[in-house]
Amino acid sequence: MNLFEQQQQEFTARHIGPNESETKAMLKAIGVASVDALIDKTVPASIRLQQPLQTTGPVSEFQYLQELKETAAMNKVFKSYIGQGYYNTIVPSVILRTVFENPGWYTQYTPYQAEIAQGRLESLLNFQTMVSDLTGLPIANASLLDEGTAAAEAMAMFFNHKNKDHDQITAPKFFVDENIFAQTKDILVTRAAPLHIELVFGDYKTASLDESFFGVIVQYPNSNGAVEDYRQFIDKAHAVNAQVIMATDLLALTLLTPPGELGADAAVGSAQRLGVPMGFGGPHAAFFATKDEFKRNIPGRIIGVSIDAQGNRCLRMALQTREQHIRREKATSNICTAQALLANMSAMYAVYHGAAGLKNIAKRISLLALTLDEELNEMGFSNVNEYYFDTLKVQVTDAEAIRKIAEAREINFYYFDRNHIGIALDETTSQSDVLDILHVFASSQNSDTAVANFDTDSLLENIPAALTRTSGFLTHPVFNSRHSETEMLRYIKSLENKDLSLNTSMISLGSCTMKLNAATQLIPVSWPEFSSIHPFAPSYQWKGYQQIVTELEKWLCNITGFAATSLQPNSGAQGEYAGLLTIRAYHADRNEAHRNVILIPISAHGTNPASAVMAGFKVVVTKCDDAGNIDVADLKANAEKYAASLAGLMVTYPSTHGVFEESIREICSIIHNNGGLVYMDGANMNAQVGLTSPGNIGADVCHLNLHKTFAIPHGGGGPGMGPICVNEKLAPYLPSHSYAVNGELSAVSEVSGLTTHRSPLTTAVSAAPYGSASILLISYAYIKLLGPEGLRKSTAYAILNANYMKARLENDYKILYSGKNGSCAHEFIVDLRPFKQSAGIEAEDVAKRLMDYNFHAPTLSFPVAGTIMIEPTESEDKAELDRFCDALLNIRKEIKAIEEGKSDKTDNPLKHAPHTQFVICSNEWNHSYSRENAAFPLDYVRQHKFWPSISRVNNTYGDRNLICTCEPVESYMEVAESQPQ
Ligand SMILES: Cc1ncc(COP(=O)(O)O)c(C=O)c1O
């Protein structure tokens with residue numbers, strides 16, 4: 001290899017941890033001659049790919065960024081007044097630099113381990129408080145995928161609530177006001193059909209409701225921009241026991257009477273305009289707030305207050321047992337990965353601006369909208385919205401003519417039809433922007449003069465008196481004390497310091513693939529050419545995105561061995577749902593709509609049955625054998641038993657037990673022979689890329705977690721992307737979108753292109769045509785930087801790293817499940833159950849003790865209770881793998897000491913783990929083991945100690961005393977005082 005070829009391949013060596021000499025040592029420890037020999041031993045020959053991948057690259061990081069600049073230049077950033085749920089916003093630089101672009105925040109995992117996650121938990125509690133305050137509803141979650149999904153979740157929640165105690169659906173109808181966003185309607189249609197919800201579209205003013213309606217949805221302000229008073233309609237809905245959902249805008253709610261005060265039962269929407277760039281559709285956090293009585297039905301994650309082992313106030317994810325992992329086929333929602341990082345950004349935006357700052361932003365926008373309205377009116381253009389916040393719907397004679405003038409000046413409006421133009425102003429709109437808009441309208445009248453009288457003190461007559469907000473919000477000190485940049489910087493840093501992320505140590509979460517998220521992959525996400533594009537901008541303005549989307553779709557097809565890809569789903573679980581909908585549509589199109597049974601092995605992730613239920617399927621759970629493999633006989637028996645109604649199988653490959661099952665081809669044939677299709681959960685693709693593929697094993701459809709295998713960071717629980725890839729049979733049924741042109745997923749605001757052409761069987765699963773489009777750049781970069789050989793090598797090293805750790809641990813721990821030849825795939829399960837009997841030690845104790853050794857616990861009790869599942873990924877070098885193994889081996893010694901009676905059964909470093917600085921430095925120390933042993937159990941910990949910020953969290957206390965917003969400051973003290981120290 002010459003010097004120049006070497007340069008092109010240098011990223012591979014930066015991405016993959018072990019170097020050549022480390023590799024040799026690791027192979028020796030495993031007892032195999034080469035990496036290839038290990039792969040031959042691990043991946044069944046029958047499913048190995050015969051061809052190298054056909055992706056492009058490798059390229060050097062420098063070259064990649066140079067080339068991407070050219071692609072970026074193909075996107076044209078016009079000034080957007082399109083609105084419809086997506087607005088320009090100013091991301092405060094301190095938040096951009098120290099949250100969005102900071103690995104200390106974006107490489108965090110979902111805060112299941114509360115003791116090393118207090119920072120993001122606090123920020124997410126701020127998010128919930130902000131949402132709760134602004135919507136006027138007592139309980140909010142953190143967070144959901146997008147506004148449309150949040151609306152669909154609210155609809156499903158009320159549907160289940162209303163019909164849960166009945167054998168039959170008694171109230172199947174849901175009223176949808178015609179003036180909600182088109183993309184939200186689209187998602188409601190998708191979600192309603194499989195659940196047998198009847199959607200009734202109409203004008204809320206004339207809607208006739210009866211007891212057969214379980215709920216209604218209206219938008220506030222609506223898709224025209226109009227602010228309507230829904231009080232009477234809410235009373236009308238409540239009179240027939242229907243629940244009311246208001247889709248709304250948090251910024252508008254700083255000026256408008258909040259939904260809770262109007263009587264709404266739930267409020268949903270997007271927090272995008274609170275400091276998160278449009279990014280051609282995402283990622284952004286959606287919000288969901290409701291009344292107290294529905295708190296146990298809320299989808300997604302809720303952060304709550306609790307106490308730790310010292311009685312100190314702390315935070316953790318509340319009601320974890322209501323998560324889909326536990327409820328499986330009884331689940332009503334499959335939300336897992338959501339948009340935590342973006343919720344944190346919006347929460348920080350509220351901390352940065354405070355109540356007064358937010359209100360001032362809203363007033364400025366509204367004042368400019370009012371001025372624009374008045375000046376347009378002077379020119380003879382009338383705004384049809386009597387009351388509005390930021391959006392005008394202007395009546396014109398020829399929208400097409402105005403569009404031409406506007407676009408020539410690089411301005412985008414929203415074109416409702418030939419006679420109505422939408423103009424949505426936002427935080428970035430200036431007085432000169434308003435003049436530019438007026439010039440466009442003046443030009444359409446052949447005039448080149450436009451004037452505006454900016455009366456900065458005028459009353460906001462556009463906000464109706466009856467709907468003017470009088471109640472306060474964001475009164476908690478957190479929103480009122482950090483408005484200087486110095487304070488803000490220190491606040492963000494103080495929270496970051498409490499959290500363990502990938503910039504501290506490896507996070508070996510099985511099934512989660514916490515690999516390197518390279519800076520070069522992430523940097524372009526902030527470039528304005530990508531971050532400032534509206535998802536419904538005319539397609540000629542996003543040719544750069546088009547190129548990326550087209551290439552990425554092609555590469556993902558090649559990697560999965562499939563024919564077509566949809567980049568729409570915003571998470572793995574949403575991919576499952578979208579993929580299952582393609583199966584549903586396929587059967588329906590062949591007059592086999594009765595096929596409604598999905599087989600799911602017991603080892604599956606909880607989202608699998610949850611998604612199947614959401615897609616309208618009946619779940620039949622099949623067994624696994626003692627070796628952790630699918631019990632083929634049981635699967636066959638069930639496939640035959642349900643042959644007449646079999647829709648398909650959901651299977652994870654390699655299995656959630658970390659094994660490449662030899663029988664996978666046979667399993668797929670059994671399903672096909674009985675009329676079903678095979679859905680492959682791609683969470684474990686990191687063990688497949690370049691070695692085998694879902695298409696090759698015989699599956700029909702799969703999703704890919706781009707936030708696992710393809711390097712999108714986890715962001716503390718999102719963003720994520722879960723594209724689906726399908727074979728030719730299923731290609732016609734991929735999700736479409738209300739802004740698709742001629743059936744193609746290319747968003748539009750062209751007057752002529754507004755009609756929708758799509759398969760009647762497929763509607764959207766996400767609010768934006770390409771989901772969280774801006775983070776597709778990360779996976780795009782990942783594939784291109786590594787090239788086909790780098791991708792294959794990464795997979796091989798993921799398997800090598802796992803097998804090396806297994807080899808180091810297997811003499812001291814029982815490793816559950818391995819393949820025919822004794823090797824594991826890219827992850828393996830360590831059985832901790834025996835220690836309960838021998839030493840009273842549970843898996844949780846080991847997980848918490850690992851924190852004292854600077855490590856995040858591996859996946860706990862999934863897929864087998866009482867175990868940990870370790871997935872090191874290819875990105876960790878031997879030294880880090882060794883540190884982790886040393887930690888686990890030392891913990892084994894600590895357990896042995898208990899087993900041998902040398903250490904006390906209850907007073908030992910495992911039971912009291914994790915140990916905080918406060919505990920270690922306290923004047924009191926009543927334990928039978930030393931402080932040094934507690935805090936610095938191994939030498940490497942001395943070099944760099946990460947301190948958990950709280951002692952072990954008490955989950956039950958928090959669930960019994962559910963508090964999910966920031967409490968008054970005094971209450972923090974009360975909790976501490978009332979608890980034993
Ligand atoms: C096997 C498996 N399937 C599905 C999912 C759901 O993916 P997401 O969290 O992106 O919704 C996960 C998440 O960890 C998983 O491990």
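Which helices do the buried residues of H4 pack against?

1. Let me begin with that question, keeping in mind that this is a predicted model. The buried residues of H4 pack against helix H3 (20-30) and helix H26 (776-809). Helix H4 itself covers residues 35-42, and its buried residues are Val-35, Leu-38, Ile-39 and Thr-42. Looking down the axis of H4, you will find these buried residues within an arc of 100 degrees, so they line one face of the helix.

2. Next, the ligand. It is surrounded by 14 residues, and the closest are Thr-337, Ser-511, Gly-572, Asp-681 and His-707. The shell is made up of three nonpolar, eight polar and three charged residues. Helix H21 (residues 572-589) supplies the largest share of the shell, with three residues.

3. The side chain of Ser-511 has an N or O atom 2.4 Å from an oxygen atom of the ligand. For the side chain of Thr-337, the corresponding distance from an N or O atom to a ligand oxygen is 2.6 Å. For the side chain of His-707, an N or O atom is 2.7 Å from an oxygen atom of the ligand. On its own the ligand has 390 Å² of accessible area, and the protein covers 97% of that.

4. Please also look at His-483, in the loop between helix H16 (431-444) and helix H17 (485-497). Leaving aside residues up to four places away in sequence, His-483 touches Val-351, Tyr-352, His-353 and Gly-354. Its side chain reaches the backbone oxygen of Tyr-352 at 3.0 Å. A polar atom of the His-483 side chain also lies 3.4 Å from the backbone oxygen of Phe-479.

5. Ser-951 counts as buried because its relative accessible area is 3%, under the 20% limit. Apart from residues up to four places away in sequence, its contacts are Glu-115, Asp-308, Ala-309, Gln-310, Pro-914, Thr-916 and Val-919.

6. Two prolines deserve a look at the backbone. The peptide bond from Tyr-220 to Pro-221 is cis, with omega near -10 degrees, and Pro-221 sits in the loop between strand S5 (213-220) and helix H11 (231-239). Gly-282 and Pro-283 are also joined by a cis peptide bond, with omega about 10 degrees. Pro-283 is in the loop between strand S7 (266-270) and strand S8 (286-290).

7. Finally, a pair of phi angles. Tyr-817 is not a glycine, yet it has a positive phi of about 65 degrees. This tyrosine lies in the loop between strand S22 (814-816) and strand S23 (828-831), and Tyr-817 is buried, with a relative accessible area of 17%. Asn-854, also a residue other than glycine, has a positive phi near 75 degrees. Its loop runs between helix H28 (843-852) and strand S24 (859-860), and Asn-854 is buried at a relative accessible area of 5%.

Note on methods:
Residues numbered from 1 in each chain as written. Predicted model: local features only at pLDDT ≥ 70, side-chain atom pairs only at ≥ 80, totals over all residues. Heavy atoms only, no water. Near = heavy atom within 4 Å. Polar contact = N/O pair within 3.5 Å; in protein donor to acceptor, adjacent residues only side chain to side chain. Areas by Shrake-Rupley, 256 points an atom, 1.4 Å probe, with all protein chains shown as cover. Helix = DSSP H or I, 4+ residues; strand = E, 2+ residues; numbered from the N terminus. Nonpolar A, V, L, I, M, F, W, Y, C, P; charged D, E, K, R; others polar. Contact = heavy atoms within 4.5 Å. Buried < 20%, exposed > 50% of the residue type's maximum accessible area, 1.4 Å probe, protein only. Arc of directions from axis to C-beta.
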